Amino acid sequence: MTFFKELVDKIKGAIGLGAPTSTLTIREKFERFKNVLKCNQTALEIIADMGEKLSGDYIFDRHYIEATVDELSETVLRCVHALNALCDNKYTHLYDVYERIHDRLMKILSGREDREGPPILLLNEITKSYFGIVGGKALHLAKIINDLSLPVPEGFVITTRSYHDVIGFSELAPKVDRLEGLIASPVASAEEIEKLRKEIRESIYKIEPPPHLLEEIEEAMSKLEIAKKDKKPFFAVRSSAQEEDMDFSFAGQFDSVLNVKPEPEAIFEAYKKVIASLFAKNVIEYRRTVLEGEGQMSIAALCQVMVDAKASGVLYSTDPLNPATDDIVIVANWGQGESVVDGKMPTDSFRVSKVDGMKIVEKKVAKKKEGLFLSPKGGLEKREIPKELQDKPCLSDEQIISLARIGKKLESYFKHPQDVEWAVDQDDNILILQSRALLVKEDVQVERDLSHLEEKYEIIATGGLTAQQGIGYGPVKIVKSIDDLDDVPEGCVLVSPRDMSLFVTVMKKVSAIVTEVGTPVSHMSTICRELCVPCLVNVPGILSKVKDGMEITVDAEDQKIYKGKVKELLIYRNSQCLNVFESSDFRLLRRVLGEVSRLNLVDPLIEDFRMDKCETYHDILRFIHEKAVNELIELGRDEQKLLKGHITKRLELPIPAGILCIDLGGGISKDAPEDYCEFKHITSIPFKALLHGMMTPGVWHTDVMEVSFRDMVTSIINAPTDALDGQYSGHNIAIITREYVNLSLRFGYHFNIVDAYCSDFPRDNHIYFRFLGGATDITKRSRRAKLIAEILRAYDLNVKTKGDVVTARMGNMPRQDMEYHLEILGRLIGFTRQLDVHMESDEVVELYRDAFLRGDYEITRR
């Protein structure tokens, strides 16, 4: 806490609060806004550099991680302070949010994050922020529940926090710490380790539960949906260690206890067996092999409702021994899946081809005389299979195809072939019990240098910038607007004119993302790195080279896009199995980056876009950028202060816009007359683009619109509040610099704000558009709002409407695209200026929308 306060004071001293914003000139306030942008950009560049280090092309150590986290933390704190300096300390609570996130990062770096948090969590309560305390197996199942909505037996997790509570309560902590030190030591004797681990394991079997743990287990059981139906199911208590099913499978290393009675005491006895297995000889040897030289490891326990399985088994989403076949492999037996994974009983096997849909290509049905089933007393028992079922497949064709589809979906989501355990219950429902990365046999002939592919396959595009390395294959889905995200198919390659952070809503479904414009430091690129979605940005002309449904292979490592399916690349991708010798530094950086770069605040137009919803540094940066822009939008509210404190120039245009310009620097050329300027004198990039659109021939009409007396009275009575308190009253004012415009317009009872920053740095660029009011009744005004909203959406803006108010945003675009969209907004302002008078029906809305989109602006005169 002392360190944090010292750091805050240091940042405040370096930046300096200075005068409150109420006493600042507009120019001084704009400089504070630019300082926010500078801090924000620096922080995002640091996050991008961390992501780049994970590509495998760089060598780094723990010192790099710690130094980079310190640099990033200080930069984010500068951003927080810069925002408060801009906004008169309106967001001081953001310091608390920052401290919470910074504290969590420090615990990750110190290896102590597994000691805090809830002692027990329901599966459906688990989010990625709980990764450190629930273990890999539980985290994967939580993702499958929350992100894919696939059926998983409900349950809860006894977290690593409880593990440390149990070890501490039993006074075993000193012995465990000593053992962990020996495991990490390259010179420790095997005899000493063996003696100590036996002693600890035997002691765990005898320990008593710490205070309140049994009550918390009972409470967790009572919260399950099945318990609410007055049913008392038995449970499977299984391990979920920190690294299990993540970078290392630990397959079969830990103990599981099946069909446990629904009593807290019975659950705790099973739990002791699970945590005791952390100290089994085989686990210690496995750890010393794959986690050589690393420190302490803790374990959580996953307690799930036991499935009374009719049939169970394992699914491989790719054949691990022959990945070139494109086959899904399913192995099954009657009863519980332990008979399959133990390999002690005959099983059925099925192969399903992923080519041309799902097709069963092979069935091998064994004679299955025995299976494992639930015992009424708890545990499992061996039973004889009825003779009429022994030679029959234990899965129907429909179930085989359904399982294969689930396997393909899981592989697409986790971006890697999956090893899936499943069960079919007595009602023929398929449930997922586990999904982890599948180790695929590496073909010795597969190398990264695949130059011969150019002779065999057609390359349709090259170049661009890699936002996230990897290889993706699938049918093209072109996304030009937010609405196109509604029907993105599983496993497709998303191709778009530009990147959008809203792509996060479908990233878990797509195999790759390609955009014509974008930057590796954008919000979207950061999320791609977090979710490991192969991504190329700035690929020239890609939209002219692909069409919906066309199959392509994206090589984001060599920046090449091939037509069709390149099997060699996909085999190479699948062969990049989890490296059991992957360094602890690599895993730590990936863990830190997940906490830093994950983006939860995606859409500023929704209610949850609040500072208390910030869970990562990336969230804080996104929030800061949006609120800084909002503060800038308010620059035009105090008209008296604007006109009194700054030199204004009357803008003379061939249209009667009546705009006064306030130049804060670089917005008007020096050769302009003293009291007025013309279009040729405007050097503000965004303002010039807006004016160009407003002056498009046919857009600006000066004809007098006939307004009924009733409509006129209605418009006066219902004039918007902020129109009456200064935001839109009086003059039309443009506050400009070379890269910025804040334009407030009022034409009768029609009100507009356009706020835009347009520079050579896409990440800084934004457009904010607001329209409200009119000279007619609310029905006609709302139709005009609908018209404006539909046109804005057609040009990819993020739009929100309420009555006759339209708000739209856009950002993170190159300067050329910004100028194009600002010109469109200029045309829209002119085209719709008095159009509410014509909004007699919904059909008219469609008529005028289509006319604008095809460039028929003269329709307003017909």
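**Close-up views of a predicted model**

**View 1. Helix α25 passes helix α27 in a right-handed crossing.** Right-handed here means that the near helix is turned clockwise from the far one by less than a right angle. The axes of α25 (residues 778-794) and α27 (residues 842-853) come within 9 Å and cross at roughly 35 degrees; axes are lines fitted to C-alpha atoms over the stretch in contact, with angles from 0 to 180 degrees between N-to-C directions. On the α25 side, R783, K786, L787, E790, I791 and A794 meet D842, V845, Y848, R849, F852 and L853 of α27, contact being heavy atoms within 4.5 Å. Seven nonpolar and five charged residues make up this contact, with no polar ones (Ala, Val, Leu, Ile, Met, Phe, Trp, Tyr, Cys and Pro are nonpolar, Asp, Glu, Lys and Arg charged, and the others, Gly among them, polar).

A word on the model: it is predicted, so local features need pLDDT of at least 70 and side-chain atom pairs pLDDT 80 or more, while totals for chains, interfaces and linings use all residues. Residues are numbered from 1 along each chain as its sequence is written, and side-chain values use heavy atoms, leaving out hydrogens and water.

**View 2. The largest nonpolar core holds 61 residues.** Such a core is a set of buried Ala, Val, Leu, Ile, Met, Phe, Trp, Tyr and Cys residues joined through side-chain atoms within 4.5 Å; buried means under 20% relative accessible area, exposed over 50% and partly exposed in between, with a 1.4 Å probe and protein chains only. F33, I65, L72, L94, V592, Y617 and I620 have the most contacts inside this core. Elements supplying at least two of its residues each include α2 (26-53), α20 (617-633) and β27 (750-757); helices (H or I, at least four residues) and strands (E, at least two) are DSSP runs numbered from the N terminus. Beyond its neighbours within four places in sequence, L94 touches V80, L83, M611, I620, F623 and I624.

**View 3. H625 sits in helix α20.** Its relative accessible area is 7%, so H625 is buried. Setting aside neighbours within four places in sequence, H625 is in contact with L37, N40, R763, D764 and H766.

**View 4. Q559 and D796 are loop residues with positive phi.** Most residues other than glycine have a negative phi. Q559, with phi near 55 degrees, lies between β20 (551-555) and β21 (560-563) and is partly exposed at 24% relative accessibility. D796, with phi near 75 degrees, lies between α25 and β29 (798-802) and is buried at 12%.
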